[in-house]
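Visitor: I would like to learn how to read packed helices and sheets. Can you take me through an example?

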Amino acid sequence: MKQKISTGVSGLDDILNGGLIPGRSYLVNGGPGTGKSTLGYHFLSRGLHSGEKVLYISLGESKQSIVENAGRIGIDLSKAAILDLTPAGDLGETGSYSVFSSSEVEQQPIVQSISEAVEEQNPSRVVLDSITMLEFLNSDPYQLRNFGLTFTNYICSSGATLIMITESFNRHQPRDAAFWADGVINLAYDADWRRISVTKYRGSEFRHGNHAFRLSDRGAAVYPRLQPDIYDRSFQEQILSSGIPEIDKMLNGGIEKGTTTLITGASGVGKTNLGLQFFKEAASRNERSVVYTFEESHELIRRRSEQINIPVNTMIEAGNLEIIPVEPLSYSPDEFSEMVRRDVEHNDTQLVMIDTMGGYGIAVRDQNKLERLHALTVYLQNMGVTCFLINETPNVTGQLVTTDMHASYLTDNIIFLRYLEIGGELRKAIGVLKKRLSDFEKTIREFQITSGGIQVGAPLDKIKGILSGNPDIIE
């Protein structure tokens with residue numbers, strides 16, 4: 001097989017298993033504003049950077065407009081050959097080719113103009129924008145398909161790789177063009193986030209499903225859907241201490257490296273503080289940890305932690321901790337997973353906290369958020385990263401609920417924190433519900449957060465009904 005060529009967008013190359021097979025035709029399909037032309041700009045720009053000759057065939061936009069639009073996102077197409085077949089084209093414009101009116105823009109003039117441009121430029125990359133315009137020039141389906149096949153065969157036989165752009169709102173064009181092309185790339189945009197998918201790729205495997213696609217003033221970026229099974233690295237098995245003897249005793253020594261721990265409880269009960277206690281111990285081993293906070297600010301976590309003897313500022317200054325606020329409604333699941341993955345692989349991060357699961361669900365705005373969270377936790381496990389999921393339960397007291405996302409199956413360990421009302425006094429308790437890799441203490445202990453740090457008392461063996469939410473002192 002020929003060595004693949006880059007599309008100019010690294011994430012899209014990953015989805016395409018390395019890029020495009022040269023000398024073949026590809027269809028980019030999507031509605032208005034989905035980023036079809038932007039992908040074409042990236043494709044040609046990558047060719048120019050590699051010293052290739054490229055050709056942009058435009059049926060709906062002038063050369064000046066194309067160069068200006070590409071320039072706004074930092075892509076220079078001034079050296080690209082542009083075949084301007086728009087009615088407003090200027091025949092005298094340097095480097096462009098024009099046909100004057102829509103009545104003259106028929107099949108034969110188009111074929112002739114394209115042939116002349118291809119022979120003159122001998123391009124290795126060609127973009128046709130857009131094939132939808134051909135429908136207005138020829139309403140006969142048979143002739144349209146015949147022209148499409150002739151066009152793609154001619155371009156590809158010359159040695160060029162062809163990208164054809166088409167509009168998805170057209171009922172006929174995308175279906176026909178999909179038969180002409182060797183590959184089909186689809187773009188979509190809804191109220192949540194932009195998506196890109198590949199539905200056809202002759203001669204190559206590709207990553208199936210929807211992937212995140214973002215447009216910005218720097219062009220297009222693609223974030224492939226996380227496939228945890230393709231990532232792996234060896235790591236030494238280790239028991240991670242919390243630094244608090246009573247908690248370690250409850251956990252039969254501590255948390256196993258590379259496992260996922262759910263810390264669940266009501267608002268203000270101390271979930272994040274408990275997770276940071278493990279990060280404090282990791283810092284003493286010179287390991288790096290990251291907190292992704294979806295609800296609390298960076299400053300609030302720092303100030304509160306310092307007040308309970310967790311030296312977050314010192315940990316941050318030493319490079320052992322980073323707190324990353326995640327803006328609500330700002331990321332797709334694929335973008336967030338990519339953020340975590342890059343940090344783990346580039347910075348050798350050993351512990352990760354997602355605070356909270358509810359905030360994650362809101363931020364990623366995806367109906368399959370549990371599936372995406374599962375992929376992320378499996379990836380972290382494969383990489384030997386210890387993960388803490390913080391879950392806030394809606395009820396302060398009452399029946400114990402671990403998580404409203406039904407995510408308990410994702411975890412290897414479950415630690416619960418909860419409020420108790422005993423004798424008119426509000427107290428806190430800690431217990432372990434699950435530990436997949438070892439036994440654990442079945443008792444429930446009193447839990448306190450003081451200026452000196454987290455303190456855990458003796459088992460509350462004189463109190464029953466804690467899990468049911470109806471604690472009662474045993475006489």
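Visitor: How are two packed helices described?

Guide: By the angle between their axes and the distance between those axes. Here, helix H13 (residues 357–364) and helix H14 (residues 369–382) pack at about 115 degrees, with axes 10 Å apart. Axes are lines fitted to C-alpha atoms, for helices over the stretch in contact, and angles run from 0 to 180 degrees between N-to-C directions. Helices (H or I, at least four residues) and strands (E, at least two) are DSSP runs, numbered from the N terminus. H13 and H14 are therefore roughly perpendicular to each other (65 to 115 degrees).

Visitor: Which residues make the contact?

Guide: H13 gives Met357, Tyr360, Gly361 and Val364; H14 gives Lys369, Arg372 and Leu373. Contact means heavy atoms within 4.5 Å.

Guide: A note on the model. It is predicted, local features need pLDDT of at least 70, side-chain atom pairs count only at pLDDT 80 or more, and totals for chains, interfaces and linings use all residues. Residues are numbered from 1 along each chain as its sequence is written, and side-chain values use heavy atoms, leaving out hydrogens and water.

Visitor: What is the strand order in the open sheet?

Guide: The nine strands run S15-S14-S16-S17-S13-S18-S19-S20-S21, with mixed pairing. Two strands pair if DSSP finds at least two bridges between them. Strands S15 (321–325) and S21 (453–459) are the edges, each pairing on one side only. The twist averages 25 degrees from one strand to the next.

Visitor: How many bridges join S19 to S20?

Guide: Two, and these strands run antiparallel. Ala429 has Glu446 in S20 as its bridge partner.

Definitions and conventions. Parallel < 35°, antiparallel > 145°, perpendicular 65-115°, else oblique.
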